[in-house]
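Reader: I'd like to talk this one through with you, starting from the overall layout and working down to single residues. Could we have it on screen?

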Amino acid sequence: MKILITGNMGYVGPSVVDWLLATYPDAEIIGLDMGYFAHCLAGVKMLPECRVHKQYFADVRNIPEDIFTDVSAVVHLA
């Protein structure tokens with residue numbers, strides 16, 4: 001199963017990614033984020049984009065269609 005999570009690098013995203021990884025250990029978690037707030041990270045042990053299996057940097061308003069290939073679910077936080 002592939003799960004796409006938009007906004008995975010935001011305030012809520014890393015916690016949702018951790019929950020998805022714990023709940024669906026066999027799933028491939030794909031992140032999509034603009035990285036707009038990447039410069040605001042402070043005191044984190046692991047960068048949010050390192051928690052997912054694959055990270056895309058793109059604007060959610062213009063997502064390339066091939067990102068959705070074989071995706072079973074989308075968690076939209078962006």
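What follows is a run of questions and answers on this predicted model.

Reader: What share of the contacts with a separation of 6 or more comes from residues 24 or more positions apart?

Author: The chain has 78 residues, and 33% of them are buried. As for contacts with a separation of 6 or more, the share from residues 24 or more positions apart is 73%.

Reader: How many residues of strand 1 are buried?

Author: Take the two sides in turn. K2, L4 and T6 are buried on one side, and I3 and I5 are buried on the other, which leaves both faces of strand 1 covered. Strand 1 is largely enclosed by the rest of the structure, because the count of buried residues is five of the five.

Reader: Which residue of strand 2 stands opposite K2?

Author: Strand 1 and strand 2 run parallel and are joined by five bridges. Within strand 2, I29 is the bridge partner of I3. The residue opposite K2 is E28.

Reader: And on the strand 4 pairing, what is the bridge partner of L4?

Author: Strand 1 also runs parallel to strand 4, with four bridges joining them. The partner of L4 in strand 4 is V74.

Reader: What hand does the β-α-β unit have?

Author: The unit is made of strand 1, helix 1 and strand 2. The buried residues of helix 1 pack against strand 1 and strand 2, and also against strand 4. The β-α-β unit is right-handed.

Reader: Within what arc do the buried residues of helix 1 fall?

Author: The buried residues of helix 1 are G13, P14, V16, V17 and L20. Looking down the helix axis, they line one face, because their arc is 160°.

Reader: Which exposed residues sit on the face of helix 1 turned away from its buried side?

Author: Helix 1 covers residues 13-23. Its buried residues line one face. The face turned away from that side carries S15, W19 and A22.

Reader: What angle do the planes of W19 and Y24 make?

Author: There is one aromatic pair in the structure. W19 and Y24 form it, at 6.3 Å centre to centre, and it counts as edge-to-face because the planes are over 60 degrees apart. The angle between the planes is 85°.

Reader: Is Y24 buried, partly exposed or exposed?

Author: Buried would need a relative accessible area under 20%, and exposed would need over 50%. Y24 has 35% relative accessibility, so it is partly exposed.

Reader: Which backbone nitrogen lies 3.3 Å from a polar atom of the T6 side chain?

Author: T6 lies in strand 1 and is buried, with a relative accessible area of 2%. Its contacts beyond four places in sequence include L77 and A78. The T6 side chain reaches the backbone nitrogen of L77 at 3.0 Å. The backbone nitrogen at 3.3 Å is that of A78.

Reader: What separates the C-alpha atoms of I63 and L32?

Author: I63 is found in the loop between strand 3 and strand 4. Leaving aside neighbours within four places in sequence, I63 is in contact with L32 and F68. I63 and L32 are 31 residues apart along the chain, and their C-alpha atoms are separated by 8.7 Å.

Reader: Phi of D70 has a positive value; what is it near?

Author: D70 is found in the loop between strand 3 (54-57) and strand 4. With 61% relative accessibility, D70 is exposed, because exposed means over 50%. D70 is a residue other than glycine, and its phi is near 65°.

Methods: Residues numbered from 1 in each chain as written. Predicted model: local features only at pLDDT ≥ 70, side-chain atom pairs only at ≥ 80, totals over all residues. Heavy atoms only, no water. Phe/Tyr/Trp six-rings, centres within 6.5 Å; stacked < 30°, edge-to-face > 60°. Buried < 20%, exposed > 50% of the residue type's maximum accessible area, 1.4 Å probe, protein only. Helix = DSSP H or I, 4+ residues; strand = E, 2+ residues; numbered from the N terminus. Arc of directions from axis to C-beta. Contact = heavy atoms within 4.5 Å. Polar contact = N/O pair within 3.5 Å; in protein donor to acceptor, adjacent residues only side chain to side chain. Pairing = 2+ DSSP bridges. Right-handed = clockwise from strand over helix to strand, strands pointing away.
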